[in-house]
Amino acid sequence: KNTDTLPDDIIQCALKSTNDLIQKAFLNDLTVRKTGRGSLVATTVWTKFRSQLTNLMTELEETKTRYVRCIVPNKLKAPGVIDLHHSVSQLRYAGIVNAITLSRSIFPNKMSFENTLERFGFLTIQAHNKTRTSRKTDGDRYMVQLGLKEKVEDLLQGLLTGTKMEKEGEKPFSCGKTWVYFRAGVLEYLEGERLNVYETIAT
């Protein structure tokens, strides 16, 4: 551990500099800390490092971690050139291809509750008219009495029950705390139903 103390005369000399950057850099070196026994301890290189490391860890704990996987597009490292085989091999060896395959085999698509209601909510009336949903309430009570998650579940249940998306033993969607997850092809089916309604209204 480096416990060398910066000499006060050097710090005082640096503070008299006309360069603001140098003054600010040495200003904190004049501070002292009290230990548990009440004695004064001058700031050392080690204490500065420990303080900076503590501040860094505090900031890291407050952030949301995002991992970015970088790949080399071609062996020549030339700009604007993509070697498909070379790029895919890197993704495969990193396990990303297997992760995507596994994800798509279960719930490849997701959407927030708010976006789901905003995008497919107008299909609710049609779903109720066809009596697909188990809740037989009018539209106003349906939207007011239910919570956000219940609205999404009831909406999707009404739209997907009795369709080709409903397979035996497999629910076409699953709701989490804030997101709804769709099995393969379900979101595309809903988008198709949405476009069909638009085409009907337009004609």
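Is lysine 77 buried or exposed? Lysine 77 is exposed, with a relative accessible area of 70%; here buried means under 20% relative accessible area, exposed over 50%, and partly exposed in between, for a 1.4 Å probe and protein chains only. Lysine 77 belongs to the loop between helix H3 (45-62) and helix H4 (84-93). Helices (H or I, at least four residues) and strands (E, at least two) are DSSP runs, numbered from the N terminus. Most residues other than glycine have a negative phi. Lysine 77, although not a glycine, has a positive phi of about 55°.

The structure is a predicted model, in which local features need pLDDT of at least 70 and side-chain atom pairs count only at pLDDT 80 or more, while totals for chains, interfaces and linings use all residues. Residues are numbered from 1 along each chain as its sequence is written, and side-chain values use heavy atoms, with hydrogens and water left out.

Taken as a whole, the protein chain holds 10 helices and five strands. Of its 203 residues, 24% count as buried. Among the contacts (heavy atoms within 4.5 Å) with a separation of 6 or more, 54% come from residues 24 or more positions apart.

Now to the sheet. Three strands form an open sheet in the order E3-E5-E4, with antiparallel pairing. Strand E3 (109-112) and strand E4 (173-175) stand at the edges with a single partner strand each, so one side of each has no neighbour in the sheet. From one strand to the next, the twist averages 20°. Two strands pair if DSSP finds at least two bridges between them. E3 and E5 pair over four bridges, and E4 pairs with strand E5 (residues 179-182) over three bridges. A hairpin of three residues joins E4 to E5. Valine 180 in E5 stands opposite cysteine 175 and also opposite methionine 111, while tyrosine 181 in E5 faces serine 174.

In a regular strand the side chains alternate between the two faces of the sheet. E5 has a covered face with Val180 and Phe182, and an uncovered face with Trp179 and Tyr181. Helix H6 (residues 113-120) lies across E3, E4 and E5 and runs at about 90° to E3; axes are lines fitted to C-alpha atoms, for helices over the stretch in contact, and angles run from 0 to 180 degrees between N-to-C directions.

What does the interior look like? The largest nonpolar core has 20 residues, and Phe120, Leu156, Leu160, Val180, Phe182 and Leu190 have the most contacts inside it. Such a core is a set of buried Ala, Val, Leu, Ile, Met, Phe, Trp, Tyr and Cys residues joined through side-chain atoms within 4.5 Å. H6, helix H9 (148-160), E4, E5 and H10 each supply at least two residues of this core. Beyond its neighbours within four places in sequence, phenylalanine 182 is in contact with several residues, including Ile106, Met111, Leu156, Phe173 and Leu190.

Helix H10 (residues 186-202) has 17 residues and should span 24 Å at 1.5 Å a residue; its end C-alpha atoms are 24 Å apart, which agrees. The expected span is 1.5 Å times one less than the number of residues. The buried residues of H10 include Leu187, Leu190 and Val197.
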